2 protein chains.
Amino acid sequence: MSDLELNLKNAQKEVDKTIKSLLPSGKGLEKKLFEAINYSILSSGKRIRPYLVIQSSKLFDVDQKNALRVASSIEMIHAYSLIHDDLPSMDNDFLRRGLPTTHRKYNEATAILAGDSLLTLSFEILSDNLTHNDSKIRCELIYELARAAGANGMVAGQMMDLEAENKKLSIGVITRIQRLKTGALIAFSCNAGAILGRAEKKYKFALQGYAHDIGLAYQIRDDLLDVTSTTKKLGKKVNKDKKIGKKNFVSILGKERAKKQLEILGNQAIEHLEVFDSRADMLREIARFIVERNK
Amino acid sequence: MSDLELNLKNAQKEVDKTIKSLLPSGKGLEKKLFEAINYSILSSGKRIRPYLVIQSSKLFDVDQKNALRVASSIEMIHAYSLIHDDLPSMDNDFLRRGLPTTHRKYNEATAILAGDSLLTLSFEILSDNLTHNDSKIRCELIYELARAAGANGMVAGQMMDLEAENKKLSIGVITRIQRLKTGALIAFSCNAGAILGRAEKKYKFALQGYAHDIGLAYQIRDDLLDVTSTTKKLGKKVNKDKKIGKKNFVSILGKERAKKQLEILGNQAIEHLEVFDSRADMLREIARFIVERNK
């Protein structure tokens, strides 16, 4: 196991412990809701976004208890977005991380409400003074997360993605969709470390550039895996975009040019980290991992 | 037109103006999302919750610009909850405020995303320093709203409500469902004014008692209208609970006892306001309005 894999595994454990401690529980008529929330967020996942919060916050000597709470809240937003995206009226996916999607395991209503709960819980956690004793920092985290996740960010990206089916799209439009749909939350994950650490502007800019490049790289790798991997390996349906007539980086650029682009983005991301010393090595590793990952 | 009706109308205009200024807009592929958001929140509605924020904040001389932003954010939460509750997998309603529900006007995916957007936007607004220059107050608003709206509040209530179909329920369980499903957000609306005004505890408690009683009264009145009014008058389906075998206050208590209970709650609500002078008169009027309203 590489350093990164080991590090990721350890972080995953810490994050999962924090998430578990933050989830609602109870025995009333609403019990199924709590079960669905647990099911959807604790069924593994790579925890890339939480790891980005942890690593970016380490650059600025942030208390890791604070970073873990922010990391957990971002993972909750990510989990909510997956639950809602998987719904029959959206991407209609049956499989996620090798398991039935939340609406298949429970039912549609419960899945929608589990998503709503996680979205709301995320803001509850960030507003709590256990996350940071400076309320200005808490508000900045909430504001930036809401901007990244809402109708000018991730949700807009999902809407565009749905509207994109069977349309001829330019590479510019596809880039915008992905920047919003997956890029915005990845960018916030890096930004969160900088906010927690009251980082200088030049460091924020560097992380922003880095996040932008790995966000796009992540999506291109996803599109490549969609045509080269198998459902068994990925734990989710493959060849999806082609089946529903959706253009993506690979269908427009072709496999070879997409691979080339992916490499360029990976290197560019690492270059952005030049302002940081060896403490950014794990962020460098993540960039490489994103370019090379097989699932 | 009574004083209250005039006052409500004026507040409604102010709130709608504020909401309009806060909604996202744009022309890209995501345009339909913005249209659906606009449609769902600006198609009238009584604006009771915003009015409670405005009136409770007036007790403590709160800047009304601040109150209007908080009022708008609560109305966004309310609108999101209606959009999601109306979905086919939930209450499957076609009509809301005399118009097609959001998923009927657009489609399910767009409705889900419009709800997600409004929920997220609500927290964005509250975290913005335009809402209050004290970040501690902003965080308190966010925390309390998230508690009221999330998996231990409104969403739990909706889950319980769905699970309640065709079950024998005690009046205690029904009260708990309603306290969570509609009461929590009504209570937060009153609490928001107190938070904005840094109110003393005794005033917070008084408002809490008041909010609790009008919240329950509101629901009992709803259940009464469900059996005594018409779809045309209410702008939404009637006789709903009976059709799906759901118990409510009227089906358990009977019409007469429910009416009696409603009156008791209205009077009790007004008694809680004794600690306030005539500035609480409009809150007293709302209590009466809730008991007597015909739609």
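Predicted model: local features only at pLDDT ≥ 70, side-chain atom pairs only at ≥ 80, totals over all residues.
Two copies of a chain are related by a rotation about an axis and a shift along it. In this model, chain B is superposed on chain A by a rotation of 180 degrees with 0.0 Å of shift along the axis, the RMSD being 0.0 Å. That is the relation of a two-fold axis. Within chain B, the C-alpha nearest the axis belongs to Ser135(B), at 2.7 Å from it.

The contact between the copies draws 47 residues from chain A and 47 residues from chain B. On the side of chain B that touches chain A, at least two residues each are supplied by helix H2 (31-42), helix H6 (108-127), helix H7 (135-149) and helix H8 (154-163) of chain B. The most is given by H6(B), with twelve residues. By class, this side of chain B comprises 26 nonpolar, eleven polar and ten charged residues. Because 100% of the interface residues of chain B are also interface residues in chain A, the copies meet through the same surface.

Attention now turns to helix packing within chain A. Two packed helices are described by the angle between their axes and the distance between the axes. For helix H3 (residues 48-58) and helix H9 (residues 171-196) of chain A, the angle is about 30 degrees and the axes are 7 Å apart. Since angles under 35 degrees count as roughly parallel, H3(A) and H9(A) are therefore roughly parallel to each other. The crossing in which H3(A) passes H9(A) is right-handed. From H3(A), the residues Arg49(A), Leu52(A), Val53(A), Ser56(A) and Ser57(A) meet residues of H9(A) that include Leu185(A), Ile186(A), Ser189(A) and Cys190(A). The contact of H3(A) with H9(A) has eight nonpolar, four polar and one charged residues.

H3(A) also packs with helix H1 (residues 3-22) of chain A, their axes coming within 10 Å and crossing at roughly 100 degrees.

Ala36(A) lies in helix H2 (residues 31-42) of chain A. With 26 other C-beta atoms within 10 Å, Ala36(A) is buried, as the cut-off for that class is 20 or more. When residues up to four places away in sequence are not counted, Ala36(A) touches Thr102(A), Tyr106(A), Thr110(A), Ala111(A) and Ala114(A). Ala36(A) and Lys105(A) are 69 residues apart in sequence, yet their C-alpha atoms are 8.3 Å apart in space.

Two arginines were examined for backbone geometry. Most residues other than glycine have a negative phi. Arg97(A), although not a glycine, has a positive phi of about 55 degrees. Arg97(A) is placed in the loop between strand E1 (95-96) and strand E2 (99-100) of chain A, and counts as partly exposed, with 15 C-beta neighbours inside 10 Å. In chain B, Arg198(B) likewise has a positive phi, near 45 degrees. Arg198(B) is found in the loop between helix H9 (171-196) and helix H10 (201-228) of chain B. With 12 C-beta neighbours inside 10 Å, Arg198(B) counts as exposed.

Key: Residues numbered from 1 in each chain as written. Chains lettered and ligands numbered in written order. Contact = placed C-beta atoms within 7 Å. Helix = DSSP H or I, 4+ residues; strand = E, 2+ residues; numbered from the N terminus. Nonpolar A, V, L, I, M, F, W, Y, C, P; charged D, E, K, R; others polar. Axes fitted to C-alpha atoms, helices over the stretch in contact; angles between N-to-C directions. Parallel < 35°, antiparallel > 145°, perpendicular 65-115°, else oblique. Left-handed = near helix turned anticlockwise from the far one by under 90°. Least-squares fit on C-alpha atoms with pLDDT ≥ 70 in both.
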